[in-house]
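Some labels in a structural description rest on a cut-off. The questions below ask how a few of them were reached.

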Amino acid sequence: MSTLNNKLIVIIGPTGSGKTDFAIKLAKKFKGEIICADSRTVYKGMDIGTAKPTIRLPLFASRRIGALNSVNKKSDFLNRIDKKPIFIIQQVPHYLIDIKKPNEGFSVADFKDMALKIIRNVQSRGKIPFLVGGTGLYVSSIINDLNIPPIAADLKLRKKIEKDIKKYGLTYLYKKLIKLDPGAKDFIDPKNPRRIIRALEVCLKTGQPFSETRNNKKSSFDILQIGLKLPRQKLYQRINDRVEQMIKNGLINEVKKLNNKYSPLLPSMTGIGYRQINLYLNNKLTLEQAVELIKTETRHYAKRQLSWFKRDKTVKWLNYESTEKAKKLIKKFLKN
């Protein structure tokens with residue numbers, strides 16, 4: 001029989017759908033704590049281009065705490081999670097933000113390991129964990145208990161693959177991956193160099209298709225998944241507006257600062273927003289072209305996210321403004 005300390009609420013949706021606002025309102029209502037399932041907000045210094053909550057919601061009182069006394073008096077949880085920072089946003093703890101430098105690796109296996117520890121700790125204190133994000137593979141690693149292959153990063157191999165990307169282009173490497181592993185097309189984003197590099201790495205080191213190493217199991221958690229939907233034109237307008245706001249907030253200066261410390265060829269630095277601004281800084285695009293390309297690629301990414309999430313028929317899809325309906329779903333879920 002399910003108990004309260006085994007409950008997990010998952011909030012998913014495409015980029016720009018309002019997941020952060022939505023989840024904070026619900027977490028405040030149900031004494032929840034948020035675990036961010038986002039492959040980009042894990043990186044320090046990459047704030048504006050990743051629409052990190054502390055940047056996108058500047059009116060929210062946000063602070064980093066060095067100890068968890070105000071949240072958890074029972075244990076020194078930070079010391080058991082490698083002293084990773086916790087952000088308090090509108091009185092709601094947020095985990096897995098700013099835990100890595102852009103030149104440090106962070107795999108799906110890393111995410112799963114850390115997220116599981118946090119979820120169990122939150123549950124042990126009688127709180128409700130909210131897994132919130134748009135990175136489908138991160139979410140799937142938890143709700144489907146993916147068996148991620150324990151293959152350590154091979155820096156020499158990764159550098160070779162990165163050189164091939166620079167020489168031949170990302171599309172060439174993606175096609176190479178699909179030849180090795182046709183099943184990868186179902187879950188590897190052809191525009192995501194970090195995912196392509198990792199999948200190639202596993203294929204080449206194990207001799208097995210990456211897709212075959214990802215065996216699913218039934219999660220031990222009692223899960224409620226809520227997906228946010230809104231009309232496509234509304235979503236695209238929100239994306240366009242957000243990109244414009246990123247430029248006004250200083251995305252160009254953010255990329256310049258990052259370039260002073262890190263290579264623009266790093267997987268973390270080739271994400272949407274950063275890649276296009278670097279093309280602008282290298283005089284390969286005008287600023288107007290770069291901005292339009294960010295908008296276009298973000299819209300395409302949102303479409304791919306929706307396709308991924310809609311494969312799961314257990315998701316309860318709600319309008320992005322339907323917090324009252326979500327509250328009713330959660331109340332019923334917590335009572336059962």
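**Labels and their grounds**

Q: Which residues make the contact between α11 and α12?
A: From α11, the residues R275, Q276, I277 and Y280 meet L287, A290, L293, I294 and E297 of α12. The model is a predicted one.

Q: What makes up this contact of α11 with α12 by residue class?
A: The contact has six nonpolar residues, one polar residue and two charged residues. Tyr counts as nonpolar, and Y280 is among the residues of α11 in the contact.

Q: Why are α11 and α12 called roughly antiparallel?
A: Helix α11 (residues 274-281) and helix α12 (residues 287-309) have axes that cross at roughly 165° and come within 9 Å. Angles over 145 degrees count as roughly antiparallel, and therefore α11 and α12 get that label.

Q: What is the hand of the crossing of α11 and α12, left or right?
A: The crossing in which α11 passes α12 is right-handed.

Q: Why is α1 called oblique to α13?
A: Helix α1 (residues 19-29) packs on helix α13 (residues 323-335) at an angle of about 45°, and their axes are 11 Å apart. Roughly parallel needs an angle under 35 degrees and roughly perpendicular one of 65 to 115, so α1 is oblique to α13.

Q: Which residues bring α1 and α13 together?
A: In α1 they are F22, K25, L26 and K29, which meet T323, A326, K327, I330 and K331 in α13. By class, the contact of α1 with α13 divides into four nonpolar, one polar and four charged residues. The crossing of α1 past α13 is right-handed.

Q: How do you know that β4 and β5 count as a pair, and in which sense do they run?
A: A pair needs at least two bridges. Strand β4 (residues 86-89) and β5 have three, in the antiparallel sense. I89 stands opposite V92 in β5. The two strands form a hairpin with two residues between them, and Q90 in the turn has a positive phi of about 50°.

Q: What makes β2 and β5 a pair?
A: Strand β2 (residues 32-36) and β5 are joined over two bridges in the parallel sense, and at least two are needed. The bridge partner of I35 in β5 is Y95.

Q: Which residues of β5 point which way, and are they buried or exposed?
A: From strand β5 (residues 92-95), V92 and H94 point one way, while P93 and Y95 point the other way. Buried means under 20% relative accessible area, and all four of these residues are buried.

Terms used:
Residues are numbered from 1 along each chain as its sequence is written. This is a predicted model: local features need pLDDT of at least 70, side-chain atom pairs count only at pLDDT 80 or more; totals for chains, interfaces and linings use all residues. Side-chain values use heavy atoms; hydrogens and water are left out. Buried means under 20% relative accessible area, exposed over 50%, partly exposed in between (1.4 Å probe, protein chains only). Helices (H or I, at least four residues) and strands (E, at least two) are DSSP runs, numbered from the N terminus. Axes are lines fitted to C-alpha atoms, for helices over the stretch in contact, and angles run from 0 to 180 degrees between N-to-C directions. A crossing is left-handed if the near helix is turned anticlockwise from the far one by less than a right angle, and right-handed if clockwise. Contact means heavy atoms within 4.5 Å.
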